[in-house]
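Here's a quick briefing to read with the model open in your viewer. Have a look at the coordinates, then work through the notes topic by topic.

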Protein chains: 2
Amino acid sequence: MPKPSSTNPNSSAEAQAQLHEAQDRFIASWGRMGSVWGISRTMAEVHALLYITGRPMCTDDIMARLGVSRGNVSMSVRSLLEWGVVEKVRLPGDRKEYYSAEQDVWSMMRAIARERIKREVDPLLDALDEIAELGPQVGARSPEEARELQKRLDDVRDGFGLITTLAHKFAGPRGAGLQTAAKLLAKAPVGRKATHGRSRNPAKGGSS
Amino acid sequence: MPKPSSTNPNSSAEAQAQLHEAQDRFIASWGRMGSVWGISRTMAEVHALLYITGRPMCTDDIMARLGVSRGNVSMSVRSLLEWGVVEKVRLPGDRKEYYSAEQDVWSMMRAIARERIKREVDPLLDALDEIAELGPQVGARSPEEARELQKRLDDVRDGFGLITTLAHKFAGPRGAGLQTAAKLLAKAPVGRKATHGRSRNPAKGGSS
DNA sequence: AGCAGGTTTCAGCAGAAACTGAAAATAGAA
DNA sequence: TTCTATTTTCAGTTTCTGCTGAAACCTGCT
């Protein structure tokens, strides 16, 4: 029910404001995250907004809530659609387009991981392969330095290659299995118990 | 043996130039990577230079090779030292400071991962915890929306929490075990075989 | 102590990225 | 088809980030 959030039996104006604030905080954090990841702050904020409210929203809703221009919303939504973390929704009897975010966190994370690998790791791997091909030339004249170079190149390649293989299992179309794998690995005693030093806020909602 | 790379029995001027070019390409790629990761291009380039040559270098060497200012080198090196991927080296009989990069790729990757988690994930987790504390207020007046909010917050938290736990095993002081774990996981049939569609350059000249 | 060689800091500049606003394009209704 | 509500594009503007270069600051030799 994408109802223009107005007076709802359950929510007083005050509670509304508090909800609003909590949401805004999430949006702000996610947005800051976005800058660190190299995507635009607004794009991350739009995504956060759609995710946290869970309701389809149209361009004007987003503009109003985030206080950004129409053009900016349009561009951000487009990227989000490309990433596959947001989809268009048509409401019958309304000419506007509505947008809503992927609600399953793991799908969402897969999508994010997929994009990031594409942008961050793959180009490096390509470059590495390309550079490796210069090796023989060097090797012809300077075998020792060529070997050193080749070794370092290979080391990096192998490291990132492994990570990529791993990540593709996670991010690929059938990647859901990795959620399980991750949980397994998280439990497995690799070295020692690595509590990440943060006490989970207890009870409350069970999750997916 | 940090010899100012001059005439070496094994290397003709030509081979030297070719080695140089291969290195430069690596440096450029790694530098581009850096921008994507939100660290300055120069910082990444300095690191790449120190890694790929494997030789300790002083400020002037770096300035000359990378064509950047003294101040820039100074700042970059400082960050690199903080990240723990580069260390100071004193050469006896020379007042200059020399710097050299961690040569083990896995240590290097652990260091990188550690920094990135610190900068990217931890703040989000903190924000999430903080926001979750606003929940009860909302809940008092609007139980339904509060539950929805809490659930979404928890979902994200759980997802990132799991990843963090995992990552800390990898990046932590005893994290070396994860190299093994990664290899294991890479082999394990999670769903289906995920060849990452890239054929490793097979010894010599593949095509580009 | 004074001095020479080296490193760090930082104000100002330059280039890049993000954002706006309005014009152009598009898609649905009649 | 035409008319109109909505979305997209893009040139201009603003904002941000990284870089430089010179002055200030260390550090250890004499």
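This is a predicted model: local features need pLDDT of at least 70, side-chain atom pairs count only at pLDDT 80 or more; totals for chains, interfaces and linings use all residues.

Residues are numbered from 1 along each chain as its sequence is written, chains are lettered from A and ligands numbered from 1 in the order in which they are written, and side-chain values use heavy atoms, with hydrogens and water left out.

**Around DNA strand C**

- DNA strand C has 18 residues around it, the closest being A:Thr42, A:Ser69, A:Asn72, B:Ser74 and B:Arg78; a residue is near a strand if one of its heavy atoms lies within 4 Å of it.
- Of the atoms of DNA strand C that come within 4 Å of the protein, 62% belong to sugar and phosphate.
- Looking at polar contacts (pairs of N or O atoms within 3.5 Å; within protein, one must be able to donate a hydrogen and the other to accept it, and residues adjacent in sequence count only if both atoms are side-chain atoms), B:Ser74 puts a polar side-chain atom 3.1 Å from a phosphate oxygen of DNA strand C.
- Helices here are DSSP runs (H or I, at least four residues) numbered from the N terminus, and H2 (41-53) and H4 (70-83) of chain A plus H4 (70-83) of chain B each supply at least two residues of the surface near DNA strand C.
- H4(B) gives the most to that surface near DNA strand C, with four residues.
- By class, the surface near DNA strand C has two nonpolar, nine polar and seven charged residues, where Ala, Val, Leu, Ile, Met, Phe, Trp, Tyr, Cys and Pro count as nonpolar, Asp, Glu, Lys and Arg as charged, and the others, Gly among them, as polar.

**Around DNA strand D**

- DNA strand D is surrounded by 18 residues, and the closest are A:Arg78, A:Glu97, B:Thr42, B:Ser69 and B:Asn72.
- Sugar and phosphate make up 69% of the atoms of DNA strand D that come within 4 Å of the protein.
- A polar side-chain atom of B:Thr42 sits 2.5 Å from a phosphate oxygen of DNA strand D, and a side-chain N or O atom of A:Arg78 is 2.6 Å from a phosphate oxygen of DNA strand D.
- H4(A) gives the most to the surface near DNA strand D, with four residues.

**Helix contact between chains**

- H8(A) passes H5(B) in a right-handed crossing.
- On the H8(A) side, the contact (heavy atoms within 4.5 Å) includes A:Phe160 and A:Leu162, and H5(B) brings B:Val105, B:Trp106 and B:Met109.
- The residues of this contact of H8(A) with H5(B) split into seven nonpolar, one polar and one charged.

How values were computed. A crossing is left-handed if the near helix is turned anticlockwise from the far one by less than a right angle, and right-handed if clockwise.
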